[in-house]
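Here is a short report for a reader meeting this structure for the first time. Please look over the sequence and the model, then read on.

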Amino acid sequence: MAEKSKKVEAAKKKLKQVREGSSSFRKEFIEFINRGSVIDLAVGVAVGGAFTKIVNSLVNDLVMPVAGIIMGGVNLTNLSFTIPNFIGGQGEVVLRYGNFLQNVVEFVIIAWVIFMIIKTMNRLRRKKDKKDCCCNKD
């Protein structure tokens, strides 16, 4: 019986150590989550997802139609190149490079739009900072 109670006590002690270990792990995890940078990252991802919809709409609905007119109505997504199968199998290989070019053009336009938005925001922030500055030497 004494040996059994020693085993029970050892098991209880081990369980207590596990609980304390998980408690410290839980505390460490909560500290990690409560850091400002993690919260900021989560907010940034959420806002970025919403902002992506706005930028995609701007590009697809406003900029690309005008770019299509400027480029003479060319739809890049339909451009492709067919390579015959020289090895002797069935079918041909179609390289749809137009879709790739379309995505590159959209990327450049999106990058430019974001650059212009950030540039405008920085300009407005500088004006506000100058206005709020209380260190005028008059």
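## Helix H3

Helix H3 has 36 residues and spans 52 Å from its first C-alpha to its last, close to the 52 Å expected at 1.5 Å a residue. The expected span is 1.5 Å times one less than the number of residues. Helices (H or I, at least four residues) and strands (E, at least two) are DSSP runs, numbered from the N terminus.

The buried residues of H3 are Gly 98, Gln 102, Glu 106, Ile 109 and Val 113. Buried means under 20% relative accessible area, exposed over 50%, and partly exposed in between (1.4 Å probe, protein chains only). Their cover includes helix H2 (36-70). An α-helix has 3.6 residues a turn, so residues three or four places apart point the same way.

## Model and confidence

This is a predicted model: local features need pLDDT of at least 70, side-chain atom pairs count only at pLDDT 80 or more, and totals for chains, interfaces and linings use all residues. Residues are numbered from 1 along each chain as its sequence is written, and side-chain values use heavy atoms, with hydrogens and water left out.

pLDDT is the predictor's confidence in each residue, from 0 to 100. The protein chain has a mean of 79, and 90% of its residues reach 70 or more. Confidence is lowest in helix H1 (residues 2-34), at a mean of 74. It is highest in strand E1 (residues 81-83), at 88.

## The whole chain

The protein chain has three helices and two strands. From the N terminus on, the order is α-α-β-β-α. Of its 138 residues, 9% count as buried. The chain exposes about 12,100 Å², and carbon and sulfur atoms supply 64% of that area. Accessible areas come from the Shrake-Rupley method with a 1.4 Å probe; for residues, only the protein chains shown count as cover.

Contact means heavy atoms within 4.5 Å. Among contacts between residues at least 6 apart in sequence, 40% join residues at least 24 apart.

## Gln 102

Gln 102 lies in H3 (residues 97-132). Why does Gln 102 count as buried? Because its relative accessibility is 11%. Leaving aside neighbours within four places in sequence, Gln 102 is in contact with Met 64, Leu 76 and Thr 77.

H2 buries Val 55, Val 59, Met 64, Ala 67 and Gly 68. These residues pack against H3. H2 also has a kink of about 40° at Val 63, shortly before the proline Pro 65. The bend at a residue is the angle between axes fitted to the seven residues ending there and the seven starting there. Just after H2, Gly 72 takes a positive phi of about 80°.

Which residues form the largest nonpolar core? They are Val 55, Val 59, Met 64, Ile 109 and Val 113. H2 and H3 are the elements that give two or more residues to this core. H2 gives the most, with three. A nonpolar core is a set of buried Ala, Val, Leu, Ile, Met, Phe, Trp, Tyr and Cys residues joined through side-chain atoms within 4.5 Å. Not counting residues up to four places away in sequence, Val 55 touches Ile 110 and Ile 114.
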